[in-house]
Every structure is written in C-alpha cells, then in structure tokens.
Amino acid sequence: MCGIVAYAGPKSVHSVLLVGLTRLEYRGYDSAGIATIDKGELEVRKEKGKIKELEDLLKLYPIEGPAGIGHTRWATHGQPSKGNAHPHTDCKNRMALVHNGIIENHHILRNELTAKGHLFHTDTDTEVIPHLIEEEWKKTGDLKEAIRTSVVRLEGRYSFCLVHDEFPDTVFFARDGSPLVFGQGAGETFLASDILAVIPQAKEQFIIENGQWGWINKDGMHLFDADGTEVTFETTKITMQVSELDKGGYEHFMLKEIYEQPDMLRRIIERRMDEKGKIRFDEMEMSNDFFGRVGRILVTSAGTSWHAGMVGKIYLERFARVATEVDISSEFRYRNPIAEGDTLVMAISQSGETADTLAGVHEAKAKFCRVLSLVNRTESTIAHESDAHIDLMAGPEIGVASTKAYTAQIMHLLFFSLMMSGVRWLTEKEDREEMFQEIRMIPAKIEAILEKADEIKEMAKQFKTTKDFVFLGRHFNHPTALEGALKLKEVSYIHASGYAGGEFKHGPIALITDEVPVVCLAPKTEIYEKMVSNIEEVRSRKGKILSIVTEGDETVPAMSDFCFTIPNCPDYLTPILSVIPLQLLAYYVALERGCEPDQPRNLAKSVTVE
Ligand code: F6R
C-alpha cells in the first residue's frame, strides 16, 4: 500500500521517478506525486488518480534536479484527492516528504505541532512528519540530527524519503516497519518500496532494516542506526530481470500471470523434486529433526493466501498427519492462540509485506514458536523476520488479483507436506513415486485447460449485468470456491460468495433464484456424489448451474447450463486445476463489464496496513 521511490543521479529525475512509480502502481493508484530541488527551490507536482495524470501534469510543468522523491498512494487517512496526495511539505516549504505506512500517534503530534504554530493543509497522518522534522530542526539547525530525533517520536509503521532545499543532491530516508530498499547503480542511487521499481539501472541492493535511517546521493548511501552510529552495509547483486515486469504481449498482467502458471509450476517441480524423488527446500534453514518433532501447525495468512492455507491444512493432515489450524492473519493475532514448544507457525504471503500476517509472525515469536514463511519475495519483511522461509518461485506478480502465486502456494504446500511425511516415514516409496508422476503431469494439464479459454470467454458474455454469483465446492475444492468468488468480486465487482457444498442448504440456499449463477466445483473425487446431491438441490430451485467437472463425466454436464471439463487427476491435485477456469472467468467477466482487471478499484496489492 503506497509506493515510494527516490533517485539521486545525473539522469532526468522526473523520468526516473515516473518509471519507478509506474512499476509501483500495484501498491496503490489513488494519487501520485514527485518533488525535487529544482535550481535551489523545492518543487512539488502531484495529481489525483493514476500515474498517467501526473505524467500529463509534468508535461505541462516539468521539474528536474539532482535528486528527487516520488509516491503512489493507496489512501488510508484522508480521501483520495490532490490535496492529500504526497509529497507533503513543512510550513516554510523547504522540504517535501513521501511516506508509506501509518503514523498511529498522528493526532497527538498534530495537536502538539499546531499548538506550536504549524499549519496543516491535509487530512493525512503523513503531514505530521515534515512538520515534526521542521520543529526539531529549529532546535539544532542540523537536519540529520532533526531526522534522528523526529523518528523516535513516530509510532506505527513507516518508511519515508525526504528532499530539502539546503541539500539539493541528497535524499534522506528512514524505515521502521514498511519496506525500503537501497539500489546502487553506476554513478546513481535509488530508494524504493520494492526493488522492481528501479531495475535494471540499480545493479546491487541492500534492504534497509527497521530503525535505520540515513541519506543517499549519486555516489552512495550513508546509513545510521537509531542512536546515530554510522553502520556499514554490504549490497547484493540484483537477479530480477526487467523482462519479468512487462506484459509480454498480453493485454493485462492478470492474463499473462494466468498463462504463466504451467511454466512456473515446471520450474517449481524441477527445483523441489530431485531425480530420486527427494524433496528439496535448499533455502529453508530448519532441520529434519525439528520437522520430526512438530506436534501442531498454525497457518496464518490473508485473502488468496488464506485460501491456499486451507488447501495446505488438508495436505498436512492427510500426508504428514500433523494437526493443522488455518487462521486469517488479522484474527490470529488477536485470539491468543495456544502454542507450545512443538508448534510450528507457517505464514503464507505472496508479497511478504502484509501487515496482518507480519503481526501474526510477531505474535508467534512472542510465544517462542518457530516461524516458517512461504513468500514470493524472499527479500521481504516477513521472510526476514521468520526463522526460515520457502521461496514460492512465482516470479513478480503485478496484477493486483493474485493468480499464479495461489497455485505456487498450493504446490509448495503439497511438497512441504510430502517432505514432512517423508521425515516421519508416513508414505510408501511406491505411493510417493506415483504421486510424483502425477505432479509432473500438472503443467501440461493446465496448458490443456488454457487451450480452451475461449469457452470461458464466450460464456462470460452472458454475465455483463449479473448481480450475484455463488460458488460451491467441497473438501479440496471448498477453498477453490472461496477463491473463485474472491477473484470475481475483486476484478468484476459482482457480489459473489463461496460456500462448502454441504453447508449451503443450512441457509445460503435461500439466495437461489433463476437469476443467480451457481459455479459448482465437481471434479471426480471421493466426495463427488455428495457434490452431485448439492447440485440437485440448487437445480430444483431453478439455480443456473455452471459446473467444473472431470473429463468423461456425463452426470453433472447433463444437469448443467454450462460445463467446463478439466483433465483427470488425483483429488489432491484438483484444486490446482479447477481454479484455472475460475481465474479466467473472473478475468473475462471483468472485461465484459468494462472493468480494469489489473487495477481494481479500492485495492492495492501489498496490504501494509492493519
Ligand atoms: C486476492 C489478493 C489478496 C491477497 C492478500 C494477502 O487476489 O491478492 O487477497 O492474497 O492481500 O496478500 P499476501 O499474499 O501478499 O500476504
């Protein structure tokens, strides 16, 4: 939520910042702004709406300078407006600041600063920071010392960047809680919420740690800890490729990411399963000895990652025979979970920055539990703060609605469960070999589904004005039903709910009319017959049945208004296949309704506020 970027170097500062902000737009698109010190004067340009609006403004009123800062906003405090857009300035208009996070004590600080004569012009929490620094600066006349003493007063989570007219070629920064990474290029430097904003110019990176602050100029970075001692740091080479960040010929990132799933899963399978059928998690620093002793697993995650966690619970209990609970992160941390020494807490997060999930990690550590995170961004805060992490290997996911990260999470949870079952001697060699054979066939089976995408595209046309959707699934595909409903809500704004098939008759069936499409997940599994009964129940109330079934099924297609077939596979792999048509459905219905699937309203990809 909110993206910040800063640059110091010889290039056109506004161009570098605009490219960076466009890459960070997945973090919010309510407004955007930049600031530089242009010929000795602080200059700020900001606009409501997407980066394009800011770009148009900059064509009319360009600004340059040896350094600059930029921001793309997901509104928390104060509505999306030009006035509330970052950067924010001090009273004398000498400094400008961009911020990601939330200043929880902003009311207290605002009252205190107002009493001292500071004038506030916005509804944001952020505006207190430049005023606070201005106030501290008056005391010593030393801006660096003023930044150090100001950050001590801030409560909440932040990373910020600041330019000041006394130091035109310098960007100051501080981090506590929200991500910030330093990028080193050739004769130029960068700061960003996410390194993907500044590649390929940035060649090396260093993740700023909580409590650190400092400044950059074109030659490098000076970094300090909370008490003002300069710290040394070592950068690491950036491996991400810029080609991973474009749409690759697809109309939207969401579609590209849906189509990336077969190759992504091939990569995952190749890295995680060796020729002898052994499962490898090279990056995970936790011993087999420990996994042998784990008595209980608590999974904490949000949104799509929570749905993946639900599938993971079934895997962990079936294959590794470990009692597993799955919690929504924002609930986990407040329910005072019972956790003993043999409890493993698993945090699942695509971004690795979700504030609720991070808070769950802190809660687990406070209870002395070991924390293993499954993250798609290994440099993220959640990975950093966990005892060990697993790389989800999905590659950058830019579309705000998560697609490929979901199947990467499920596949990794399956491998993790099989690894645990191996450590505990719970599966026979022959069974494992058979499973590995089946897993290897999954990418090609997804390709076969994607080849029939036009069937879904065509079917989506009839839902242009539909108001409600229901998704039903059982066992492995109950989470698929929840995920299908979430995808549709997010990108097409149609109200949709997912239910466990058996639970539907206990109330929600009252929703059914001939105007409500019901997506029924009925692949061939051991509870197939039960699902058929649920479909009968809906059909007899004149619900419109859209079914997802296994090839060769004749029963459910005969009961359905529309039917999509997926290749045959064992029940534990059905959630990976059956979600693909639902991702396509959400995407094509969104297009039919004129919605922008990559940037749905009110959403941001990385939810860094609680
Ligand atoms: C849905 C979606 C969100 C995220 C959720 C958790 O398409 O993207 O529901 O899954 O915000 O995000 P991560 O996985 O980054 O912790």
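**View 1. Polar contacts across the interface of domain 2 and domain 3.** In this predicted model, 10 residue pairs are in polar contact across the interface, both residues at pLDDT 80 or more. A polar contact is a pair of N or O atoms within 3.5 Å; within protein, one must be able to donate a hydrogen and the other to accept it, and residues adjacent in sequence count only if both atoms are side-chain atoms. Residues are numbered from 1 along each chain as its sequence is written. Local features of the predicted model need pLDDT of at least 70, side-chain atom pairs count only at pLDDT 80 or more, and totals for chains, interfaces and linings use all residues, while side-chain values use heavy atoms, without hydrogens and water.

**View 2. The salt bridge.** Domain 2 and domain 3 share 1 salt bridge. R318 and D571 form a salt bridge through their side chains, at 2.7 Å from N to O. The term requires a side-chain nitrogen of Lys or Arg within 4 Å of a carboxyl oxygen of Asp or Glu.

**View 3. The side of domain 2 that touches domain 3.** Elements giving two or more residues here are α6 (253–259), α7 (261–272), α9 (303–319), α13 (404–423) and α14 (429–440). Helices are DSSP runs (H or I, at least four residues), numbered from the N terminus. The largest share, 10 residues, comes from α9.

**View 4. Buried area between the two domains.** Domain 2 and domain 3 bury about 2500 Å² between them, with 71% of it on carbon and sulfur atoms. Buried area is the accessible area (1.4 Å probe) that two parts lose on being put together, summed over both.
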